[in-house]
Amino acid sequence: MVLNCRHVWEYISGYLDNTLDDQTRHDVENHLEHCEICSAVLDSTRNILILTADDRVFELPIGYSERLHARLAKAMLESPSAEASDADLPFTPDGSSDG
């Protein structure tokens, strides 16, 4: 099965936790070999897991979350393979919450 970016993003946690069935894992790996965006999402997610496992606490700069959400929304909207519409995003392109 050929996966698009949206599918791969839904499988990232399972991929990192090694809980995907063999066929899905194979399909995700095939997609990751050819998609820089999804590979970056995987690396970023892996880095977040490493950082959150760190016992040290640090403050994020004011406005960081809003800027991060805006950049992610922009990247998702610009990605031709993401096939996402604004309605599919958990936040709006300006970084505000959808609900």
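Let's start with Val41, a residue of helix α3. This is a predicted model, and in it Val41 has a relative accessible area of 28%. That value lies between the 20% limit for buried and the 50% limit for exposed, so Val41 is partly exposed.

What does Val41 touch, not counting residues up to four places away in sequence? Its partners are Trp9 and Ile12. Further along the chain, Leu72 is 31 residues from Val41, and the C-alpha atoms of these two are separated by 10.0 Å.

## The nonpolar core

Now for the largest nonpolar core, which has 13 residues. Val8, Tyr15, Val28, Leu32 and Cys38 have the most contacts inside it. Two or more residues come from each of α1 (5-17), α2 (22-34) and α3 (36-53), and α1 gives the largest share, with 5 residues.

Cys38 deserves a look of its own. Leaving aside neighbours within four places in sequence, Cys38 is in contact with Cys5, Val8, Trp9, His31 and Leu32.

## How α1 meets α2

The axes of α1 and α2 are 10 Å apart, and the two helices pack at an angle of about 120°. Angles of 65 to 115 degrees would count as roughly perpendicular and those over 145 as roughly antiparallel, so α1 and α2 are oblique to each other. Their crossing is left-handed.

On the α1 side, the contact is made by Cys5, Val8, Tyr11 and Tyr15. Helix α2 contributes Thr24, Arg25, Val28, Glu29, His31 and Leu32. By type, the residues of this contact divide into 6 nonpolar, 2 polar and 2 charged.

How values were computed. Residues numbered from 1 in each chain as written. Predicted model: local features only at pLDDT ≥ 70, side-chain atom pairs only at ≥ 80, totals over all residues. Heavy atoms only, no water. Core = buried A, V, L, I, M, F, W, Y, C linked by side-chain atoms within 4.5 Å. Buried < 20%, exposed > 50% of the residue type's maximum accessible area, 1.4 Å probe, protein only. Helix = DSSP H or I, 4+ residues; strand = E, 2+ residues; numbered from the N terminus. Contact = heavy atoms within 4.5 Å. Axes fitted to C-alpha atoms, helices over the stretch in contact; angles between N-to-C directions. Parallel < 35°, antiparallel > 145°, perpendicular 65-115°, else oblique. Left-handed = near helix turned anticlockwise from the far one by under 90°. Nonpolar A, V, L, I, M, F, W, Y, C, P; charged D, E, K, R; others polar.
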